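Subject: Structure handover

Hello,

Here is the structure, with its sequence, for you to open alongside this note. My notes on what was found follow below.

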Amino acid sequence: MKSIVIFGAGIAGLTAAHELVEIGYDVSVYETLAQPGGFFRSARREKNNMPSEYSWHGMGPWYHNAFDLMQQIPFSDKGSIYEVALSRPVDFGIFPDTDTAQFYDEGFKSIPKMFRMNTWEFVKWSYVMLKTWTSNNRSKIDYDKINAAQAWKPLLNDKAHKTWRSCFGPWIGSDWSKVSLHTTGDFFRKQLTTKARNRHKADKHGPAWTQGTGAGWLLFAGPSSEYWFAPWVKHLEGKGVKFYWEKALTRFDFDGTTITSAFCSEEKIQGDIYILAVNPFMTADILSATPALERQDELRLFKPLTQGGPHIQVSFRLAFSEEIKFPRKRTAVVVSDSEFNLTLFAEEQVWDKDVDLGRDIKSLWTGTSCISTVPGRIYHKPVATCSKVEFIEEVKAQILSCGALDKLIKEANHGRGLRDFSIVKVEVWHEWEFSPEGIKSLQPKWVNATDTQSYLPPQKTSVPNLFLAGAHTRTQAQVWSIEGAVESGRRAAKAIDDRVAVLDQIRPLWISILSKIDDILYTVKAPQLIDSAFLALILIIAWLLI
C-alpha cells in the first residue's frame, strides 16, 4: 500500500484524498491553517457567534464532478451533502442605481434587458460571444491575451458596457479589468449550453427538480465549513485519512529524479507520492527553495502563472436586527453601478432555519467586492489602498445608492426601504489587512486573467512522485472554480491510479464540430470561422447583386 502525502486541505487536496483512500492508499494531509476549506471556508469569530465566509460562492449547472463528489459524502442520517445540504437555485438579478432590476426570466431573450442593450448591440454582443464559443485553439492562445471588457467596449453603449462587465466578478469570480475574452466566453458557453444532468429529489421546499441549462446557481444551506468541510473531514477520517493542522510546507528534498522528503519547517515528512495542492503563489515560493526542482518543465510555469499578482476579492457581511424580506425567493444581487463591483445575498433565504445567524441578528447579507483598482465614490480610493473603515463606508454608500434594490425591498416590506433598516454590524473577512501601502491577505488568491491559460500546469509532472492539484491546474472546467478544484483533485488522483473516474464537461456537438473547423482555419492563419462565414456571405450577396 503506497503512502500518499497531500499538502493542502482545500477542495482540491481533500478531493484527491477522498479518491485515493477509497481505493486503498494510505493518505496523510498537511494543512497550513488550523481548519480545512481554503478559499471556501467559513468561520465564527464574532462574540455574538455571527458566521462569516471567506467569499460568496455558488455552484452552476456544469459542476458535474463537484456534485458527483457531494453525493458520496454523508451529511446526516437524512442523506448526503448533495441531497440535504444544497439550496435550490438562486435568482440572479442586475440591480442598477437608477433603473429597474432585471432577471433571467425569459431565458436568452432576457439578456438585452438585463444588460441594457438595444437590439443592434445585442446582435454585436452575440457575435463576439459566438466567436468565443466556436473557437478552440484560437481562443486558448489569442483570445486569452485579450481583456473581455475591452473586447466588448467598442460594441456597446457606456451604460450597457458597464452593466455587462459588472457580472464578471459575481459570476466568473474574476476582476473585469483583468479577465480574458477566452475565460469569459468559455464560462458563459458552459452556463448557457450545458445539458441538464443534476437531478434533485423532492424536499420540504417543493417537488423534484433538475438544474439544467441556464439554471440559477446553488448555495449551501448553511455556512460552508459547517455544511461541507466538517462532515467531509469526519468522513475521510473514518476512512483512515490522517490530518495534520498548522503544518506549512516549506521545501522539498529533490535528488534530481524524485522527491525524497518534504519539510514543514524543520519537521521531515516522507511518503511514496506527494501531491502539492496549495495555491500557486505558495507553490512558487516552495519551489524557489529548490532551484533544481523549480526548473522542471511543468514546475517552471508557476512564475509566469503568478506574475499578475493575487486577486483582491474582499468578503463582508451586513447584519440587521430585523428580518428584511425579498419579493422573490433566493434573490442574488449584482450592484451593477457599484465602483467596487459588489454582489450581495441574504443568507437566511437559503440557510436552514436552525442555523444561528448570530445573537439578535435576523437578516445577514454576505457580499463581495470584486475589483480593487477603481476609486470609490466617497474617498476616491480603490479597495487596494482603502483603510478598513473607508472600505466599509464605501460599501454602505454603494449599496444604499442602489435604487433598484431599494425598490424591491420596499415592495416586500410594506414600503420600508434600505435606509429604514439599521445595520447593526458590518464585518469584513478577518484575514484582509488594510494599509495605505496596499491590502494583503494571509492566503493570496489566484484567478484566471489575461495571458494565464498557456501557463496552467498539468497534474502530472516530470518528477515521477510529485503531482499537482488545484483550480489553477489544467482542467476541462478551465475557470478557477469549485468545479475546477474538484476536477483537478480527481485528475491528480487518476494520474496516480487510473481507477479514479473523472467526469467530462459536456460540449454540444455543434460547438465541437465548429470549433474543430476553426482549428483548421487557425492553423492556416485564416480568419475566425464566424468572421469567415460572414465575409463569405457578403461576397455571395455582392456577386448576386452584380
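Surroundings of Gln505

Leaving aside its neighbours within four places in sequence, Gln505 is in contact (heavy atoms within 4.5 Å) with Trp62, His64, Lys190, Gln476, Ala477 and Glu483. This is a predicted model, in which local features need pLDDT of at least 70 and side-chain atom pairs count only at pLDDT 80 or more, while totals for chains, interfaces and linings use all residues. Residues are numbered from 1 along each chain as its sequence is written, and side-chain values use heavy atoms, with hydrogens and water left out.

Gln505 sits in the loop between helix 17 (482–496) and helix 18 (509–523); helices (H or I, at least four residues) and strands (E, at least two) are DSSP runs, numbered from the N terminus. Its relative accessible area is 12%, so Gln505 is buried (buried is under 20%, exposed over 50%, partly exposed in between, with a 1.4 Å probe and protein chains only). The side chain of Gln505 reaches the backbone oxygen of Trp62 at 2.9 Å.

Helix 8

In helix 8 (residues 158–165), the buried residues are Ala160, His161, Thr163 and Trp164. They lie on the same side of helix 8, because they cover an arc of only 165° around the axis (the arc is that of the directions from the helix axis to the C-beta atoms). Their cover includes strand 7 (91–95), helix 5 (119–133) and helix 10 (181–193).

Strand 1 (residues 3–7) is mostly covered, with five of its five residues buried. Ser3, Val5 and Phe7 point one way from the strand, and Ile4 and Ile6 point the other way.

Strand 1 pairs in the parallel sense with strand 2 (residues 26–30) over five bridges and with strand 15 (residues 273–276) over four bridges; two strands pair if DSSP finds at least two bridges between them. Ser3 stands opposite Asp26 in strand 2, and the bridge partner of Phe7 in strand 15 is Leu276.

Phe7 is also one of the residues that touch the most other members of the largest nonpolar core, which has 165 residues. A nonpolar core is a set of buried Ala, Val, Leu, Ile, Met, Phe, Trp, Tyr and Cys residues joined through side-chain atoms within 4.5 Å. Helix 1 supplies the largest share of this core, seven residues.

Regards

Note on methods
Polar contact = N/O pair within 3.5 Å; in protein donor to acceptor, adjacent residues only side chain to side chain.
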